[in-house]
Amino acid sequence: MVIEQIKMPQLGESVTEGTISKWLVSVGDKVNKYDPLAEVMTDKVNAEIPSSFSGVIKELIAEEGDTLAVGEKICTIELEGGTTQDAPEASIEPSSSTETNSAENVEAVDQGNKARYSPAVLKISQEHGIDLTKVSGTGAGGRITRKDLLKLIESGNIPVAGQKVEAKNESAVVKETKQEAIQPVSTQTPPVQAVNIPVAVGDIEIPVTGIRKAIAANMLRSKHEAPHAWTMIEVDATNLVEYRNSIKDEFKKKEGFNLTFFAFFVKAVAQALKEFPQINSMWAGDKIIQKKDINISIAVATDDALYVPVIKQADEKTIKGIAREISELAVKVRTGKLRSEDMQGGTFTVNNTGSFGSIQSMGIINYPQAAILQVESIVKRPVVMNNGMIAVRDIVNLCMSLDHRVLDGLVCGRFLQRVKEILENTSKSTTSIY
């Protein structure tokens, strides 16, 4: 009998885990290759996990509501005909003789796995003076995991030379091994700790959903790893407002979707990124990756989550084309039809915080990108003109958060100046939406 494992796939860039929201199969069901097995939620997308094999479902390892890391097992399948032609690696169910290995062999395997420490484990142990030989691991074969060390640090019982941590019993180890999330070795995000807050009569406790946990983890990772800096520029959008307002009704009637101010801002940002490619970069540890494609991530919020679908090759699209994509992506988010490919490849994020009246804000960078731009609300203000006269103008603030490992104030200042110049020169006589 040949058994294969289905694992949690990566459903988008920087996505490290997903939550099983609904199983679409049960134990004993026969499935074909590519049939959907489960619905999964992440902080970026809702998607279905397809089967990689044809066969019969043997075990559902994860339950609905469980959050699992990318690469963690979610279920097993008995292959049709007992062949492994569909996959290069097969996992055979252990026989009874395998389960009765001698204690000496088990101990040898445990010690072998335990000695192979990941870079994350080594770094944490060095930072906190942990003697790894005194730690009992809960990973496969007794391997010490990052999660084991974080639990020790949180408890305060850090083992040093001469101390010994009491080993867990076998059933506890098996249980924790199933529940443990396999963390990427490059992630050094501290754990989310429970806070003891008194609950009074009338207070409401709201459980943290898997998608909210994923958002929290990604935001914490961005703030933890990227040294955020912030800058802002003021833009006179009077000509842009007059131009857009003069054509919006005709455009809606002709095209069937709205021509929003946001489309003009995204286009201006895409054009400026082409002229300042340093902004379109990512930090990769020992190098900076300057991306060739200009793919703009846009933030779309629902009542309980924030999604960042991507407008691909935004610099090659017209204002009309960008407006169409903004409309289509927003509909997908709010109807739960956003696909994983809609979320991938973003190189720079533009957030329309002005949609709810904000005039100044500091965004958290969409990891692993190097910057995020907040487009604030357009408001009428009295402005002293060059001739000394005071006039009422439509003013908007553009607020930019940047990763100071990748970008410096000079290039970001010039980038914002260019975006300002493009927007202030947007008018019926100079700008085409087609």
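Me: How many cavities of 30 Å³ or more does a search of the whole structure find?

Reply: This is a predicted model, in which local features need pLDDT of at least 70 and side-chain atom pairs count only at pLDDT 80 or more, while totals for chains, interfaces and linings use all residues. Residues are numbered from 1 along each chain as its sequence is written, and side-chain values use heavy atoms, with hydrogens and water left out. A cavity is a set of points on a 1 Å grid over the protein atoms alone where a 1.4 Å probe fits but cannot get out, its volume being the space filled by probe spheres set on those points, which are joined across faces, edges and corners. For cavities of 30 Å³ or more, the search of the whole structure gives three.

Me: Which charged residues line the second largest cavity?

Reply: This cavity holds about 40 Å³ of space, and its lining residues (those with an atom within 4 Å of a point) include S222, W283 and Y367. By class, the lining has five nonpolar, two polar and two charged residues.

Me: How far apart are the end C-alpha atoms of helix α8?

Reply: Helix α8, a DSSP run (H or I, at least four residues), covers residues 261–275, and its 15 residues should span 21 Å. That expected span is 1.5 Å times one less than the number of residues. The model agrees with it, because the end C-alpha atoms are separated by 22 Å.

Me: Which residues have side chains in polar contact with the side chain of R393?

Reply: R393 belongs to strand β20, residues 390–403, a strand being a DSSP run of E with at least two residues. A polar contact is a pair of N or O atoms within 3.5 Å, one able to donate a hydrogen and the other to accept it. At 2.9 Å and 3.2 Å respectively, the partners of R393 are D236 and T238.

Technical notes. 1 Å grid on protein atoms, 1.4 Å probe; cavity = no way out; pocket = protein on both sides within 12 Å on 5 of 7 lines; lining within 4 Å. Nonpolar A, V, L, I, M, F, W, Y, C, P; charged D, E, K, R; others polar.
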